[in-house]
Amino acid sequence: MEHILASPAWHALNSGNQNLAFGNNRVKFFAKEVSPFAGLAENTPENFQLLYDTLPHNGPALFMTPVEIDIPAQWHIPQMIAGIQMVWEGTPNGDDPDSQLVQLTDEHIPQMLELTKLTNPGPFSVRTIDFGHYHGIFEDGRLAAMAGQRMHAYNYAEVSAVCTHPGHTGKGYARQLLQQQINRITSAGEIPYLHVRFDNDRAIKVYKSLGFRKSRDMYFYVLKKAER
């Protein structure tokens with residue numbers, strides 16, 4: 001049987017994020033303002049067609065797979081991003097992160113959007129905060145760094161949107177935020193995981209130092225409906 005994390009979007013949409021899911025028993029997706037990710041029960045031409053017919057917008061949608069695949073022709077693929085998936089295998093750390101971490105709420109969305117647009121940690125939209133558990137660090141009233149949770153596939157919780165303003169790098173903010181997420185997830189009896197571009201050596205080094213290990217390659221296909 002395929003591992004849950006070989007298709008995390010599909011399994012998240014059927015478990016920990018089912019409150020945010022749209023679709024049916026063969027294709028599911030998040031609302032565009034939450035996340036572009038979509039998942040299929042099986043990667044068949046019929047299901048790609050069903051996703052095409054069911055998705056209520058022209059895209060982009062984001063589809064992930066641990067192997068490179070041929071996407072049916074009704075989909076235009078403006079980009080494919082090669083990444084890796086990492087799962088936490090570290091030793092629990094009872095240290096509490098610095099008290100300067102602030103739980104982020106709707107009032108912080110404009111700053112969250114501004115920071116993610118500047119740093120591009122992955123897709124982030126006006127309701128991505130609905131995944132929950134976003135925390136940030138502020139300097140002089142401005143959001144300097146943040147991290148949160150995204151796809152919650154059964155007992156696996158994805159750490160996401162880890163980003164630091166370029167003017168505040170080198171201060172250990174990402175490490176603090178990551179440790180807080182690890183502590184929160186593991187204290188709930190769950191397993192942290194994350195995704196990162198294959199060539200983001202700096203981030204990968206930080207993740208490894210905190211106990212994350214590569215579990216598999218992951219390919220992210222940006223899907224847009226081709227004109228008929």
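This is a predicted model: local features need pLDDT of at least 70, side-chain atom pairs count only at pLDDT 80 or more; totals for chains, interfaces and linings use all residues.

Me: In what order do the strands of the open sheet of 3 strands run?
Reply: Residues are numbered from 1 along each chain as its sequence is written, and side-chain values use heavy atoms, leaving out hydrogens and water. Strands (E, at least two residues) and helices (H or I, at least four) are DSSP runs numbered from the N terminus, and two strands pair if DSSP finds at least two bridges between them. Here the pairing is antiparallel and the order is E1-E2-E3.

Me: Which strands stand at the edges?
Reply: A strand with a single partner has one side left without a neighbour in the sheet, so it stands at an edge. That holds for E1 (21–23) and E3 (38–40).

Me: Which residue in E3 does Phe29 stand opposite?
Reply: Strand E2 (residues 27–30) and E3 pair in the antiparallel sense over 3 bridges. In E3, the residue opposite Phe29 is Ala38.

Me: Is Gln85 buried or exposed?
Reply: Gln85 is found in strand E5 (residues 75–88). Buried means under 20% relative accessible area, exposed over 50%, and partly exposed in between (1.4 Å probe, protein chains only). Because its relative accessibility is 0%, Gln85 counts as buried.

Me: With which side chain does the side chain of Gln85 make a polar contact?
Reply: A polar contact is a pair of N or O atoms within 3.5 Å; within protein, one must be able to donate a hydrogen and the other to accept it, and residues adjacent in sequence count only if both atoms are side-chain atoms. At 2.6 Å, the partner of Gln85 is the side chain of Arg216.
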